[in-house]
Amino acid sequence: MNRVLVLNATNQPLNTTSVRRAIKMIFLRKAEVVIHNGLLIRTPRLVFAVPSVIRLMNFIHVPHRQVPLTRKYILVRDGFTCQYCGRQETRHMTIDHVIPRSRGGESTWGNLVCACKECNNRKNNRALADANMTLMRMPRKPSPQSLLLFSLLEPPPEWLPYLE
């Protein structure tokens with residue numbers, strides 16, 4: 001299923017949409033094509049170049065969005081990679097509190113990481129130093145633009161200039 005990146009009038013990414021909805025927006029002159037993906041849609045009377053990126057004709061004010069703190073988003077933020085040993089796996093990953101809850105650790109972006117079951121069990125209810133373990137990288141809260149990246153683990157290359 002092809003998705004189309006929707007940019008605000010200022011070239012800021014807003015979301016993704018279906019090809020069908022993108023073509024409707026173009027014909028209603030609500031958006032313009034920025035980049036085509038090279039594919040064609042043929043009807044008995046017309047041929048459409050399938051858009052990959054469209055830009056809205058009018059600026060849309062979007063309220064400040066927050067990335068919700070969920071298990072799915074933590075796993076995606078960390079690339080389904082154990083932050084202790086580097087094992088990458090899409091199944092059987094757990095979420096670990098860097099500072100255990102029993103020691104006052106909270107469920108926040110800066111305290112939760114993706115961990116394989118073995119590392120999570122090895123660390124158990126201890127601090128990193130006590131378990132003689134280190135993090136591959138410090139956890140942080142992702143930016144609101146990351147919402148788009150979370151929906152697509154591998155965005156098309158032509159989208160990258162707009163997502164950075």
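1. Asparagine 132 sits in the loop between α4 and α5. In this predicted model, the phi angle of asparagine 132 is near 55 degrees, which is a positive value in a residue other than glycine. Is the residue buried or exposed? Asparagine 132 has a relative accessible area of 70%, and the cut-off for exposed is over 50%, so asparagine 132 counts as exposed.

2. Threonine 134 belongs to the loop between α4 (128-131) and α5 (146-151). Its relative accessible area is 60%, and it is exposed. Which residues does threonine 134 touch, once its neighbours within four places in sequence are left aside? The contacts are with Gln83 and Tyr84. Asparagine 37 is 97 residues away from threonine 134 in sequence, and the two C-alpha atoms are 43 Å apart in space.

3. Arginine 29 also has a positive phi, near 60 degrees, and is a residue other than glycine. This arginine is in the loop between α1 (19-27) and β3 (31-42). Arginine 29 has a relative accessibility of 70% and counts as exposed.

4. On the overall layout, the protein chain contains six helices and six strands. Read from the N terminus, the order of elements is β-β-α-β-β-α-β-β-α-α-α-α. The chain is more spread out than a compact globule, because its radius of gyration is 21 Å, well over the 15 Å that the globule rule gives for 164 residues. The C-alpha trace spans about 70 × 30 × 20 Å along its principal axes.

5. How much of the chain is buried? Of its 164 residues, 39% count as buried. The protein chain exposes about 10500 Å², and carbon and sulfur atoms supply 52% of that area. Among contacts with a separation of 6 or more, 58% come from residues 24 or more positions apart.

6. The charged side chains can be described in a few numbers. There are 24 positive and 10 negative side chains in the protein chain. The centres of these two sets are 10 Å apart.

7. Strand β1 covers residues 3-7, and four of its five residues are buried, so the strand is largely enclosed by the rest of the structure. How many bridges join β1 to strand β2? There are five, and β1 and β2 (residues 13-18) run antiparallel. Within this pairing, leucine 5 stands opposite threonine 16 of β2. The hairpin of β1 and β2 has five residues between the strands, and one of its residues, asparagine 11, takes a positive phi near 70 degrees.

8. Strand β1 also pairs with strand β4 (residues 47-56). Three bridges join β1 and β4, and the two run parallel. Leucine 7 has arginine 55 of β4 as its bridge partner.

9. Threonine 17 is a residue of strand β2. The relative accessible area of threonine 17 is 8%, and the cut-off for buried is under 20%, so threonine 17 counts as buried. Leaving aside neighbours within four places in sequence, threonine 17 is in contact with Asn2, Arg3, Val4, Val6 and Ala22.

10. Arginine 77 lies in helix α2 (residues 71-77). Is arginine 77 buried or exposed? With a relative accessible area of 12%, arginine 77 is buried. Between arginine 77 and valine 4 there is a separation of 73 residues in sequence and, C-alpha to C-alpha, 22 Å in space.

11. Strand β5 spans residues 93-97. Four of its five residues are buried, so β5 is largely enclosed by the rest of the structure. What is the sense of its pairing with strand β6 (residues 112-116)? The pairing of β5 and β6 is antiparallel, and it extends over five bridges. One of the facing pairs is threonine 94 with alanine 115 of β6.

Definitions and conventions:
Residues are numbered from 1 along each chain as its sequence is written. This is a predicted model: local features need pLDDT of at least 70, side-chain atom pairs count only at pLDDT 80 or more; totals for chains, interfaces and linings use all residues. Side-chain values use heavy atoms; hydrogens and water are left out. The radius of gyration is taken over C-alpha atoms; the globule rule is 2.2 Å times the number of residues to the power 0.38. Buried means under 20% relative accessible area, exposed over 50%, partly exposed in between (1.4 Å probe, protein chains only). Contact means heavy atoms within 4.5 Å. Accessible areas come from the Shrake-Rupley method with a 1.4 Å probe; for residues, only the protein chains shown count as cover. Lys and Arg count as positive and Asp and Glu as negative; His and the chain ends are not counted. The place of a charge is taken as NZ of Lys, CZ of Arg, CG of Asp or CD of Glu. Two strands pair if DSSP finds at least two bridges between them.
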